[in-house]
Structure formats: C-alpha cells, structure tokens
Amino acid sequence: MGSYTAVGVMARLTFREAARRWVVWVALGLGLLFLVVYGIGFNEIEKDISVNQGNSGTLITAEMHNFLLLAGMYVVNFLTSIMTVLVSVDALSGEINSGTIHTVVSKPVPRWQIVLGKWLGFSGMLSLSLLLMAGGVTLVGILVAQTILPHLVQGMLLMWLIILLLLSVSLLGGTLLSTLANGVLVFGLFGIGFIGGWIEQIGAFLNNQAAVNVGVVTSLLLPSEAMWRRAAFEMQSPLVGAMGVSPFGASSAPSLVMVGYAVFYMLGVLFLAMRQFSRKDL
Amino acid sequence: MVSELYAIETNRLSKYFGEKAAVRDLTLQVGQGEVFGFLGPNGAGKTTSVKILLGLIQPSAGAGYLFGQPLGKPEVRRKVGFLPEHFRFHDWLTAGEFLKLHADLYQMDARQVKPRITELLALVGLSEFSGKKLRTFSKGMLQRIGLAQALLNRPELVILDEPTSGLDPVGRRLVRDIIRDLRQQGTTVFLNSHLLSEVEITCDRVAFIKHGEVITTRPLQALLEGEVTVTVRASGLTPQIAAGLQRWSQNVRLDGEHLGLTVSGEAVLPEIHRYLVTEGAAVYSFQPEKVSLEDLFIQIVGTDGGL
C-alpha cells in the first residue's frame, strides 16, 4: 500500500458514514422531491406559455425558459450550499470533542491525510448531489422545453467550486472551533456574502460604486456568493444580462480574477485546515 | 544518548496549559518487553503523558522517543497499539468493519487482515458479534473491541489507558490474561490504571505521578517485598522478649498477649518465630502482612488525591 493510504481510507469512511447515517438518502430524497415539484411546475408554466405565446413570441418564450432554468439552478445552489455546511460542520470538531479521533490519529498516518480524506469523501458525496440535482433541472428543461442553459458546464463548475469553498472553510473551522461555533461562523460568512452580493447587484444596477465595493469586500471574505453570480452570469440569456433585471441572474458579474481568487482561496483554506489539524493538541 | 533498547524513553517532558503544568519534567525509561504501570490520582497528568507519548499532544518542553524514534513521527506508531481511556468510535460500523477500518489505517497486508480480525474477535470473546453495529454494544463489549483494535498490528508496544474500565470481573480477568500473554510474547505494555490490584498482579515496574511529576519509579516486586507488618498473639510475652526483637525491628509494640512489629522483609520471619519460641512464648498466631500497592500508593502519593 502507498503512503497515501489514509486519504483513501478516510474518504471511503466519510462517504460510507454519510450513506449509513442516511445523510445521502435524505439529501437524495429531498433532491428528487425538488425535481418532481420543479418538473411539474415547469411543465404547467410551459403549457401556459405555449397557449398564450403561440408561435409569435419565440424570444419571450426563450427568456421565460432561461428564467425558469436559472431559478432551478439557484435553488440547487442554495440546497447544495446548505447541505455542504450541515454535513461537514461536525466532521472534525465532533470527532475531536467526542474523542473518536484519538484511535484514528494514533495510527501511523500523517494527520493532514485525515483532513484531505474527509475533504475528498465529502466532495464526492456533495458533487454527486450537485450533479443529480443540476442534471435533473437540465433534464426537465430538455424534456419539457427542449432547451438548456447557455454555458451550462462553466456554470456547473462554478457551482461545484462553491461547494468546495464552503467545505474547506467548514473543515478549517472544525479544527479551530466547537461544532456550534463553527456552524455559526460558516453560516455567518455565507450570509454576509449573500447580502453583500445583493448590495453589489443593486449598486451595479444603480451605478453606485460604494455599494459595489461593499459587495467586492464581502466576496473577498468568502467568495461563494460571487461564484454564484459568475455562474448565473454565464448561464443567463444575453438579453437579461444586458438589462440586468433578473432576480436569479447577475447584473454585476465578478471577473475571472475573482474566480482565480476563489480557487486559490479554497486551496489555501484547505491547506490551512490540514496544517492546523496537524499541529492541534487532541 | 537515545537507545532503541527502550520502548519508551522520555527526558524532562513537560506540558503546560497556560500557567498550569499538566506534566512536569517527565523522565521515564521503559525497557522492551516490560509491563510498566503508571499510577497516580485523578488529574495527576497520566492521560496527558500518554497523549504526549502518542503524539496526540505536543510537549511544551523536553524530548521523548519510542524505540529510539522521536515522538510524533507517524512511522513509529506502526509498532504501537493504543486503547484510550474514554474510548469512542464510529458507532455506525459493525465490529468487523471497525477492525477492518483500523487495520487499513495500520496499512496491514490485506491478506492478513481477515484472519487477524477473526483471531482477535475470538480472543476478546466477540466472535458472534462481528456483524453487529457498535452502537448496540454494552460498555464492556466496547472496551473489548477497543482492546482488539489496540492489538490488530501485533504491536511491540501496547499503551492501555484504563483498560478495565467498564469491565465485569470476567472481562478484567480477560485483560489480565491478555497482558500476561503479551508479556510472554515480549511485547511492552504501558498500563495506566486505577485498579491497583491489577497493576499489582501484572506489572514489572511502576511509576507514581502526582501534580504532573513522577515521584518515584520502582520495581514492583522490590516494593512489595519491602516492609512486612507482623501481628503475634502469644502468652508469656515479656518486655525483655520485646526488647530482644529490636535486632529485627525498631518498631515493636507489646500489649499483653498482642505483639506488633514491622520488619524490612519476609526473610527474617522464620528467625523471629524461632526466637519467640526459644524465649518461652507460646505462639497462638503469627500473621505477617505485606504492604499492599494501595498502602504504598497512599504512602507515596498521599491522601489528598493529588488535588
């Protein structure tokens, strides 16, 4: 066996734990429920659009489809973000507090491998959830309206980055704080980013640079909301982008530099989590 | 000079939490194949010391080695098995899965894992519970599976922190038997236990720790072969006879037919008995009592429990 054995062992353990403790199945069930509700709703609205628009309103129909699909992706992003924090917030702090970690870290494995293994296990589970839900939304669009979002792959990759960002922050918090304090921290940062993003959107719409700056600063604290706005910017229709009026789209899209920042932020935080856990008294 | 001959070697290890010293200048040498008892009252620093040895806690000062390798190096833990005091686990796993997980963490050869798990489940009396989830186990069963986990990799050093906690008499006997077998196999055992009677039975040497400091480290047999208190009931005892006993004891107490004295060891007892009879005393009873480890513990550590 190689020297990275513990990474694989911990990744499998984390994935299996989620499955055994019904986390995966509850998430899957709720995801399916969401898709069923979404599919029925989309189908009913599509019937209405077809009756009212006929063949004359192709542009409006396309915009409606884009709006509905983007709304679906918005919910998927929200659900996977919440799920990411909920499943991972207890992963390290809970095992540290209970002492479960003692028999694991006393084995001949470097501690950073334990953190990386957990990160990979959660990443796998959450990526699967994202793929199923975002794939489901896309499938509904194809089946009901024979349409997909523009730049879907880029959009989904950015949504994936949001999961990895939140997961890394949650694991770092778990090496420093109790479960409760970690949950408050991650949700707090998530909330600040969310509000900051809206302030930036409205600021951009009103050409208010100060408000835009507030959004940029909050994005630096935790760039998850900025990544959603970039994803929405990629997936929204060009018309909505130009008008900047969609509640799910983005009138002020973060730059590619911000995307690069988010990638480095995620890797940096993961590195800090591994380092902090390696040095921590348990 | 660090020696690989020692399973554990520490030099003035200390751990401070703020101003408070949890462990202070811990200096120990535990030879390979030795069964070593680590004794002290609650809060004396025993568990912190164990955690430092296993690299769970970084020492504030000093140095320590396992088999000549610095503490904290993951590779050296390949030779170590550990049962923590407050044993917690992934309770959604079955007993078999739990042992497989820890065998994987030890990076054991895949071909050896299954037979070793079967062997250990039999050793701790849990063969029929291999497929049961740990959350359904009693405290004693959990302690047994924890012990099996500590022995998975055929360790050269086994660190047991309160291994008999939660066990019934049958379970405690099982632990004693396992420790005896480990000693026969040449495995070093570092035993941290409150149950002094078990330490008395199993250990070669003991260290007494209080307020984070090792007060003394001694061979257990020498300790127990030390002072003996003798209580005699005999007629014909006189002050002259009592005075004659002072060649063996400076602590002689005569009260009618009752005589008490404390001597340095068992070796002198036949001589004392012979002396009494020769001097004309009619001895009805002659009861030597060894000093128990508990007496020694109280004597060395004190009655304040280290608080």
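The expected span of a helix is 1.5 Å times one less than its number of residues. Helices (H or I, at least four residues) and strands (E, at least two) are DSSP runs, numbered from the N terminus. The model is predicted: local features need pLDDT of at least 70, side-chain atom pairs count only at pLDDT 80 or more, and totals for chains, interfaces and linings use all residues. Residues are numbered from 1 along each chain as its sequence is written, while chains are lettered from A and ligands numbered from 1 in the order in which they are written.

View 1. At 1.5 Å a residue, the 27 residues of α8(A) should span 39 Å, which agrees with the 39 Å between its end C-alpha atoms. Buried residues of this helix include A:Asn182, A:Val186, A:Leu189, A:Phe190 and A:Glu200; a residue is buried if 20 or more other C-beta atoms lie within 10 Å of its own, exposed if 12 or fewer, and partly exposed in between, with C-beta atoms placed from the backbone. Several glycines are also buried in α8(A), among them A:Gly193, A:Gly196, A:Gly197 and A:Gly203. The buried residues of α8(A) pack against α3 (58-88), α4 (93-98), α7, α9 and α10 (224-235) of chain A, where a contact requires C-beta atoms, placed from the backbone, within 7 Å.

**View 2. The loop that follows α8 of chain A.** Just after α8(A), A:Asn207 adopts a positive phi of about 60°. A:Asn208 lies in the loop between α8 (179-205) and α9 (209-221) of chain A. A:Asn208 counts as partly exposed because it has 14 C-beta neighbours inside 10 Å. Its C-alpha atom is separated by 30 Å from that of A:Met156, 52 residues apart along the chain.

**View 3. The nonpolar cores.** A nonpolar core is a set of buried Ala, Val, Leu, Ile, Met, Phe, Trp, Tyr and Cys residues joined through C-beta atoms within 7 Å. The largest nonpolar core has 145 residues, of which A:Leu165 and B:Ile159 touch the most other members. Helix α7 (residues 152-176) of chain A gives the most to this core, with 13 residues. Not counting residues up to four places away in sequence, A:Leu165 touches A:Pro223, A:Ser224, A:Met227, A:Ala262, A:Tyr265 and A:Met266. Another core, of 10 residues, lies apart from the largest one and includes B:Val230, B:Leu237, B:Leu259 and B:Leu261.

View 4. Strand β6 (residues 80-83) of chain B runs parallel to β7(B) and is joined to it by 4 bridges; two strands pair if DSSP finds at least two bridges between them. Within this pair, B:Gly81 has B:Val158 as its bridge partner. β7(B) also pairs with β8(B) in the parallel sense, over 5 bridges, and B:Ile159 stands opposite B:Phe190 in β8(B).

View 5. Helix α5 (residues 169-184) of chain B has 16 residues and reaches 23 Å from its first C-alpha to its last, close to the expected 22 Å. Its buried residues are B:Gly171, B:Leu174, B:Val175, B:Ile178, B:Ile179 and B:Leu182. They cover an arc of only 135° around the axis, and therefore lie on the same side of α5(B); the arc is that of the directions from the helix axis to the C-beta atoms. On the other side of α5(B), B:Pro169, B:Val170, B:Asp177, B:Asp181 and B:Gln184 are exposed. The buried residues pack against β3 (35-39), α4 (139-151), β7 (157-161), β8 (188-192) and α6 (196-202) of chain B. Just after α5(B), B:Gly186 takes a positive phi of about 85°.

**View 6. The open antiparallel sheet of chain B.** The 4 strands of this open sheet follow the order β2-β1-β4-β5 with antiparallel pairing. Its edge strands, β2 (20-31) and β5 (69-70) of chain B, each pair on one side only. Strands β1 (residues 6-17) and β4 (residues 61-66) of chain B pair in the antiparallel sense over 5 bridges, and B:Thr10 has B:Gly64 in β4(B) as its bridge partner.

How values were computed:
Contact = placed C-beta atoms within 7 Å.
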